[in-house]
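Here is a colleague's note to read beside the model. Keep the structure open and check each point as you go.

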Amino acid sequence: AVSIKAGGNGNHSHNDIGSYTIGLGAEQPTGDVGSTQYSAKTFSKDRYTIAAISSWGHPVPVVAGALQGEAHKIKPRVISTRFSDNVDEITIDMADAYSVPVLRALTRTMIHDRRNSGAVAIADRFEFSEPSSFEVAITTLGSWKQNADRSIELWQKDERLTARVEASGSWTLKVDNSNEEGLTFTRIGISLDSPERSGYVKVLYEQARP
């Protein structure tokens, strides 16, 4: 199962436009890491400096080095949807989530294909007025490893996903562990090696083969 989010949630919002979660069996090998423990900081002026509340701690892009603005102040547009018994698809215009003057376009398309053993694709396409940096993130509460073929394996207990990355240019993993406000998770950044004027990053998730 998969879910994706396109809007804010009042003063409880995280900066998470485009954030998604993938469930496999009774486990969540990857996706939105959820809530921190509430503290005085949670609803203070420093709220969005908390890793898991800022967009840095969500599986969404970092655009020309910039994180998302406050989600409840942004009105993202769902450009298109397609639902059927076999395949669901949704495309979100995410450009307004970033205050980046050189950003011309940014869309995220999620495709959930339920045929055979199932697959989920998350594809981000961007366009800048000048070459700029671009990074997407995979977040997990569980464990992970990179395989010899550069695919990424994610799991909590028994259920495992394999993530395969396709991109318009060469890319590098940047891994960080966060332990803040009672929540521990791993952020796996997929960063394009060179600034690009336009391009894409696609992550294809499939059930890992034993």
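A nonpolar core is a set of buried Ala, Val, Leu, Ile, Met, Phe, Trp, Tyr and Cys residues joined through side-chain atoms within 4.5 Å. Buried means under 20% relative accessible area, exposed means over 50%, and partly exposed lies in between (1.4 Å probe, protein chains only).

1. **Ground rules.** This is a predicted model, in which local features need pLDDT of at least 70, side-chain atom pairs count only at pLDDT 80 or more, and totals for chains, interfaces and linings use all residues. Residues are numbered from 1 along each chain as its sequence is written, and side-chain values use heavy atoms, with hydrogens and water left out.

2. **Overall build.** The protein has 15 strands and zero helices. Both are DSSP runs numbered from the N terminus: strands are E, at least two residues, and helices are H or I, at least four. Of the 210 residues, 49% count as buried. Contact means heavy atoms within 4.5 Å. Among contacts with a separation of 6 or more, 62% join residues 24 or more positions apart.

3. **The core.** The largest nonpolar core has 41 residues. Those with the most contacts inside it are Y98, L106, F134, I138, I190 and Y205. Take Y98 as an example. Not counting residues up to four places away in sequence, Y98 touches V60, P61, V63, A66, L67, Q68, L103 and L106.

4. **A loop residue, I74.** I74 sits in the loop between β4 (62-63) and β5 (77-83). Is I74 buried or exposed? I74 counts as buried because its relative accessibility is 14%. Leaving aside neighbours within four places in sequence, I74 is in contact with I17, G69, D96 and A97. The C-alpha atoms of I74 and Y98 are separated by 9.4 Å, and the two residues are 24 apart along the chain.

5. **The cavity.** On a 1 Å grid over the protein atoms alone, a cavity is a set of points where a 1.4 Å probe fits but cannot get out; a pocket is an open set with protein on both sides within 12 Å along at least five of seven lines; lining residues have an atom within 4 Å of a point. Points are joined across faces, edges and corners, and a volume is the space filled by probe spheres set on them. The search finds one cavity of 30 Å³ or more. The largest cavity holds about 40 Å³ of space. Its lining includes Y20, R108, D124, I138 and Y205. Strands β8 (119-132), β9 (134-140) and β15 (196-207) each supply at least two lining residues.

6. **The pocket.** The largest pocket has a volume of about 230 Å³. Of its 14 lining residues, R164, E206, Q207, A208 and R209 lie nearest its centre. What classes of residue line the largest pocket? Its lining divides into two nonpolar, seven polar and five charged residues. The lining of the largest cavity has eight nonpolar, no polar and two charged. Here Ala, Val, Leu, Ile, Met, Phe, Trp, Tyr, Cys and Pro count as nonpolar, Asp, Glu, Lys and Arg as charged, and the others, Gly among them, as polar.

7. **Backbone angles to check.** Most residues other than glycine have a negative phi. A64 has a positive phi, near 50°. A64 lies in the loop between β4 and β5, and counts as partly exposed because its relative accessibility is 31%. R150 also has a positive phi, about 75°. R150 lies in the loop between β10 (143-146) and β11 (152-155), and its 37% relative accessibility makes R150 partly exposed.
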